[in-house]
Amino acid sequence: MRQPKIIVVGGGLAGLMATIRVAEAGVPVELFSIVPVKRSHSVCAQGGINAAKNQKGEGDTTDKHFDDTIYGGDFLANQPLVKRMCEAAPGIIDLLDRMGVMFNRTPEGLLDYRRFGGTLYHRTAFAGATTGQQLLYALDEQVRRHEAEDKVKKFESSTFLSAVIDEGRVCRGICAMDLRSMEVKTYAADAVIFATGGIGAIFGRSTNSVVCTGSAQSALFQQGVDYANGEFIQVHPTAIPGEDKLRLMSESARGEGGRVWVPRNPAEKRPPRSIPEAERFYFLEEWYPKYGNLVPRDIATRAIHRIVYQEKLGVDGQAAVYLDVTHIPRETLDRKLEGILEIYEKFLGVDPRVEPMKVFPAMHYTMGGIWVNGEDQATNVPGIYAAGECEYQYHGANRLGANSLVSCIFGGGIAGPAAAQYAKNLEKGAESIPSVVFDAEKKRQEEKNQKLISQDGSENPITIWREFGYIMTEHVTVTRINKNLEMAEAKIRTLQERYKKINLSDRTKWSNQTLNFARELENMLILARVITLGALARNESRGAHYKPDFPDRDDANWLKTTRAKWVNNEIQLAYEPVDISLIRPRARRYDAAK
Amino acid sequence: MAETKQVIVKVKRQASPKDPARWEEFSLQWRPSMNVIICLRDIAENPVTRDGKKTTPISYDSNCLEEICGSCAMLINGKARMACSALVDQLEQPIRIEPLSKFPLVRDLTVDRQFMFESLKRVKAWIPIDGTYNLGEGPRISPEIQEKGYPLSNCISCGSCLEVCPQVNEHNQFVGAAIISQVRLFNMHPTGAMNKSERLKALMGPGGIQECANAQNCVHACPKNIPLTESIAEVNRDVWKQALLGWLTG
């Protein structure tokens, strides 16, 4: 009998979960990652993971989790799979618990839960304020165990370049580049699962890690894999500005009682602790009495922008507000939030237990991503699956905090067995495909490298990337205005022209990071246009997508999924209906209980 | 016009493991809250040395830039530390940047730390669950155990503890403090404890815990403040008990 084989690209939570499930299905799996998988971006997730376990006796249910998620996402998510995810979430927590995750505990030895944005229930399990790191390690350990039993083979210094797609438009493997030898090779597989994460680098600076470029998603898009709801970009309300990165200050700070405020007097000169209560403006609590500091991220981010840009109340006249945890007992802070408070202390030299933190919104997450069907994480190209942040399925127009970890593990857990089943059912596997199909793809990618390495030009890829990031952050994040989006799109095209003249300044063929970055940049520019064009077309405001010229949600015209396609080397936007079969859309507001 | 402040950086370069090492000096424009990663990015954008010679961008590992992925460990002014949290204003200049010396060099500041991940395999650093299907909740764990275990599970495998350990050298395959501390973590967990003896046995023999000479450099170098020497002491006692038990029961 034919032995099928699966490839997983990306070793964050979704990729590792998919890998484990494929290995459990008895199918050999090869795992490709740019970094050793233990260093994947999932480690940056801080606050926790949602599951309606109702362990505080509040009457929480998976149906309420489902409703919060759909409502929080402003009714853009297809509902049936989201419902399945919320129902599966308690079991996912149990699994992670069995894997040894050091979740915080109650005195009885049970898992502790805290509050998070967009819900009124204690639904978020957590391990200090480094939950993503702890979950990733648990899955990394399980994968290592399968690796020790030769069920998994890792390629941990290797970047995905393209899929190998045969004449029948079926995926038969991947083409990847070793980041040390720079050797380009193809790898046959009967199915490939992509779990390639976020796209922060498209916005220059974000809360994302360096590897989150969206390059793989863009490469797939250019090979005919559709990309959905690209215009929905989450800007997290509270991050520490920095030149290299905007470091996340988790929602859990507010979940544990942290308060956001600014001095009522814009000319305030006193240090924050000596400003009396009456002279502080707790604007989230005032504007949103029911949810207060725990409104969803899109709402909190717009409120902070309003405070800074319209009301001119930013701290010291700057783009900053206070995130204050100084009233919380030190013992609680150290037990529940130490990880993030240490980040603030280390990078700013100020102890946030004593001094309110200065924060500002930062690009954080993409709700949009690779189009997958509503059933088993399959894309529109047979043999290609996607899971985790790189796909679009679970969060609609805005993701609730602590839902990303659960969607990664749930999606990866579905994609693994689905891909294994697909591979087993194939009549003819990748081994039957003539080598010319693989050789042609390899040649195409090698030629790209050769051209980049040998060309003489005047442009530096990092310079282009910096300019690119400014354009995207300024025009395609919190507030979107059509004429600015048009200008941004035109500017990206100009950058694409300049890209043709880049000079690598490193022409060696050993561990050439400049070459790899240049390749990623080309893909980022294309995906940026998908995002920008999607935003330009959508004349409404929904979740994270906000247009002051079209301030309301428009269900009559825009309750639909954007589905971008690559047709004759150009981006085409198509639309399809949203599955709203379970919860009827209603107005979304957070100033009162929903 | 105000004079712009400069940052002088010296980087140890090596094109490949076969090439000779050399130093290059760069003069960069100072900016507030600058860290070593920003220095390396500035060099990549304009790869010209202080004396005006064109060079190549520097190869280095980095990812999260908030000291939780473990990628960017290197020697900065002779000290093993993470480049992202190494703030220029707190460093003496010229800032000397070198690759970690105890791991095989790839290029410039990039090294191969696969040894650490292989060691995690050696000691079976995982909870051997039956499968990912639904088997209900995990064991109850007291807050006290959680508060002991959580700091240990913060290990980012950066390799700083191996870098500063005199017992990690070309004559010795010592697994190092990080790995021993992981054994403590898994042996502490109620399910993990069922395979305690396997992990302890894996720490006997060449490269095992007996190689530790108690220099205690590891605990000072750890960027995550993991109580590594405490872990070594505790695991060492368990290994001795295990060995004694093996000897008694033949």
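Helices (H or I, at least four residues) and strands (E, at least two) are DSSP runs, numbered from the N terminus. Residues are numbered from 1 along each chain as its sequence is written, and chains are lettered from A and ligands numbered from 1 in the order in which they are written. The model is predicted: local features need pLDDT of at least 70, side-chain atom pairs count only at pLDDT 80 or more, and totals for chains, interfaces and linings use all residues.

**Chain A: a loop residue**

Select Asp150(A), in the loop that runs between helix 4 (131-148) and strand 6 (152-155) of chain A. Its phi is near 60°, a positive value in a residue other than glycine. Most residues other than glycine have a negative phi, and most peptide bonds are trans. For burial, count the other C-beta atoms (placed from the backbone) within 10 Å of a residue's own: 20 or more is buried, 12 or fewer is exposed, and in between is partly exposed. Asp150(A) has 9 such atoms, so it is exposed.

**Chain A against chain B**

Show both chains. Two residues are in contact if their C-beta atoms, placed from the backbone, lie within 7 Å. By that criterion 56 residues of chain A are in contact with 56 residues of chain B. On the chain A side, helix 1 (13-24), helix 3 (79-98), helix 4, helix 10 (338-348), helix 13 (461-475) and helix 15 each supply at least two residues. Helix 4 of chain A gives the most, with eight residues. Sort the side of chain A that touches chain B by class, where Ala, Val, Leu, Ile, Met, Phe, Trp, Tyr, Cys and Pro count as nonpolar, Asp, Glu, Lys and Arg as charged, and the others, Gly among them, as polar. That side has 19 nonpolar, 19 polar and 18 charged residues.

Next, select helix 13 and helix 14 (residues 482-499) of chain A. Axes here are lines fitted to C-alpha atoms, for helices over the stretch in contact, and angles run from 0 to 180 degrees between N-to-C directions. The two helices pack at an angle of about 170°, with their axes 10 Å apart. Helix 13 of chain A brings Ile464(A), Glu467(A), Phe468(A), Ile471(A) and His475(A) to the contact, and among the residues from helix 14 of chain A are Leu485(A), Ala488(A), Ile492(A) and Leu495(A). By class the contact has eight nonpolar, two polar and three charged residues.

Move on to helix 15 (residues 513-537) of chain A. The expected span of a helix is 1.5 Å times one less than its number of residues. For the 25 residues of helix 15 of chain A that gives 36 Å, and its end C-alpha atoms are 36 Å apart, which agrees. The helix is mostly covered, with 23 of its 25 residues buried.

**Chain A: two buried residues**

Centre on Gly73(A), in the loop between helix 2 (62-72) and helix 3 of chain A. Gly73(A) counts as buried, with 28 C-beta neighbours inside 10 Å. Leaving aside neighbours within four places in sequence, its contacts include His395(A), Asn398(A), Arg399(A) and Gly543(A). Draw a distance to Arg588(A): the two C-alpha atoms are separated by 9.3 Å, although the residues are 515 apart along the chain.

Then pick Phe283(A), in helix 7 (residues 283-287) of chain A. It counts as buried, with 21 C-beta neighbours inside 10 Å. Not counting residues up to four places away in sequence, Phe283(A) touches Val262(A), Ala303(A) and Ile307(A).

**Chain B**

Chain B has eight helices and seven strands, and its C-alpha trace spans about 75 × 40 × 35 Å along its principal axes. Of its 250 residues, 47% count as buried.

Colour chain B by domain: domain 1 (6-111) and domain 2 (114-248), with bounds from an automatic or database domain assignment. Their C-alpha centres lie 31 Å apart. In all, 12 residues of domain 1 of chain B are in contact with 12 residues of domain 2 of chain B. Strand 4 of chain B supplies the largest share of the domain 1 side, three residues.

Zoom in on Pro94(B), in the loop between strand 4 (79-82) and strand 5 (95-98) of chain B. A cis peptide bond joins Gln93(B) to Pro94(B), with omega about -5°.

Finish at Asn214(B), in the loop between helix 6 (196-202) and helix 7 (217-221) of chain B. Asn214(B) is not a glycine, yet its phi is positive, about 65°. Asn214(B) is exposed, with 9 other C-beta atoms within 10 Å.
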